[in-house]
Amino acid sequence: MKIAVCIKRVPDTETRITIAPGGQSIVETGVKFILNPYDEFAVEAALQLKQAQGGEVVAISLGPDVVQETLRTALAMGADRAVQLKTDGNPYDTIAVASALAAELQSGGYDLILLGKMAIDDYNHAMAPALGELLGLPAVSAVSKLTIDGGKATAEREVEGGVEVVTFALPAVVSTDKGLNKPRLPTLPGIMAAKKKPMESKAAALGAAQVTVRTLTPPPERPAGRIVGEGAAAVPELVRLLQTEAKVL
Amino acid sequence: MSTDFFNIEGALSEEERAVRDSVRRFVDDRVLPIIGHCYVEGRFPRELIPEMAALGLFGANLPEEYGCAGLNNVSYGLIMQELERGDSGIRSFASVQGALVMYPVYAFGSEAQKRHYLPKMASGEIIGCFGLTEPDYGSNPSGMITTAREQGDGSYLLNGAKMWITNGSTAHAAIIWAKTGTDDTSIRGFIVPTDTKGFSAKDQKGKLSLRASDTSELVLQDVCVPKTALLPGTGGLKSPLMCLTQARYGISWGAIGAAMACYEEALAYSKNRVMFDRPIGGFQLQQLRLADMITEIVKAQLLSLHLGRLKDAGTFTPQQVSMAKRNNVDIATNIAREARRLLGANGILAEYSAMRHMENLESVYTYEGTHDIHTLILGQAVTGLNAFN
């Protein structure tokens, strides 16, 4: 089975983000970047399928040369080779990026295309459906369980109040959610081996951008906590504030 | 991380950062949630051994051809830093397995010994310990009384006792140092399977430090090992001291990890803990503590990083390692104590890490060359005069 995993380089969740002058991007200096956590589930799923059924796992990422480091993380986890679709900056528009990925995936002869359900930087949730549309393939998003049997696949999706089970034929585009698996850590020998695995770099055939970021603003500062009283006597006031002020009850 | 005040990150290679990050996640996910409890129970978390092995932590700076990761020494140091950010006991386990067991097999072993032992030690199938220190010979190992007498058939008969042996009761194989003659030039190393008749290990009870680590007393009573147990490249006290230099290098990094853990905990606490209507981090006395801590951490980071670069270049000296071990463990011990104090009454709880690190570091201060012995090594290095005896 030949599996493509599309991965993205994103700021670490623990990073304190500052907005760059101009208000349309973040300051990258001093920011730690990681493999998008939802994409880790995709890499792990691909590696488990390969271990069970044989085949090849190809990690693909779009962006400037710094994404090669993210690709090497996937190689260190166990992917066989990597492809960088090279761009100058970090394009934002989903369809523009999806067009470039689709162009690469189209010719790859993949049985399965995996990616995280969203990137933790832009929260767009849009890449899997966009790729499915552009490639004319079934697209199943936010999968928490995946079974592949021959050319058929069954997936579970957690929906409001329950679980939805879907079946589809391969090839397909599947986006991965928490709960699918527990991603492995890159082992130290894996990190060394990654340096010797093939890394291809080619220009990305980006589509035209239709959406641009206008402004980024940080969330408002959270007000300091407040002690409303002590003991049982304070409970009515606490409940009242949780209802009327915090609006969580 | 808040401890990277001098952008040490930028001085590390991508590979070094990747190694550090993997071990950091392992420690965050697997060590930190359980270690306080293990410490109180006085239990080394053996269940982590297979995971540590799978990650490639053991002997990670030894070559790939023997089943090891083949990392450089800076990466190896970063592993030790991250493990000790968890607990000195976890780091000690990896230090012993890598620097005190696998290293002597690699440096002094026959090709057959290397091929047999190293892959199994890297995979955690064989756990080792290092028997040099004796009840009456700690800082003065040349006085050891353990003997290895060659028999007519070429085998050796070992007799003696070893003390303060990390992993002693967990180990499948012990590297035992013994005199084949009368003086310290006759010291040789042996790989002794711990199930050999006459070999026994007993847990040392009542430790108030390194409680999440196995520390044992070994007794060797007419332990007979074949000639093939001898590490052929060993000769004199220099051989075990070479092992200790490897381990002390890792300890210099490990101490930074313990200090980082204490500092980060204290910093976070100082911002959240309100006293006199404001976070205690806003008071000058606590800021002095924090400023001193971060300054000493940065100095230690720079010292160990440069030492690692020298080690990778093959130009480092044991005296430089002594300086780094002595300084970094000393500052970490002080940082742990100051962090404990900053945490107030909470600081005595196992729920926080400062007091556990503080207690652990008292052992680290004393083992692998006491602080005082490293002082004398440095004194001799700069004066040319021996103050040992």
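1. A:T87 lies in the loop that joins β5 (81-86) to α3 (94-106) of chain A, where helices (H or I, at least four residues) and strands (E, at least two) are DSSP runs numbered from the N terminus. The model is predicted, so that local features need pLDDT of at least 70 and side-chain atom pairs count only at pLDDT 80 or more, while totals for chains, interfaces and linings use all residues. Residues are numbered from 1 along each chain as its sequence is written, chains are lettered from A in the order in which they are written, and side-chain values use heavy atoms, with hydrogens and water left out.

2. A:T87 counts as buried because its relative accessibility is 9%, the term buried meaning under 20% relative accessible area (1.4 Å probe, protein chains only). Apart from neighbours within four places in sequence, A:T87 is in contact with A:L62, A:G63, A:P64, A:A204 and A:L206, contact being heavy atoms within 4.5 Å.

3. Turning to the interface, 14 residues of chain A and 23 residues of chain B take part in the contact. The area buried between the two chains is about 1,500 Å², with 53% given by carbon and sulfur atoms; this is the accessible area (1.4 Å probe) that two parts lose on being put together, summed over both. Of the area that chain A buries against chain B, 42% comes from A:L185, A:L188 and A:M192, more than from any other three residues.

4. The rule finds six salt bridges across the interface of chain A and chain B, each a side-chain nitrogen of Lys or Arg within 4 Å of a carboxyl oxygen of Asp or Glu. A:E40 and B:R25 meet through their side chains in a salt bridge (2.7 Å, N to O).

Conventions: Buried < 20%, exposed > 50% of the residue type's maximum accessible area, 1.4 Å probe, protein only.
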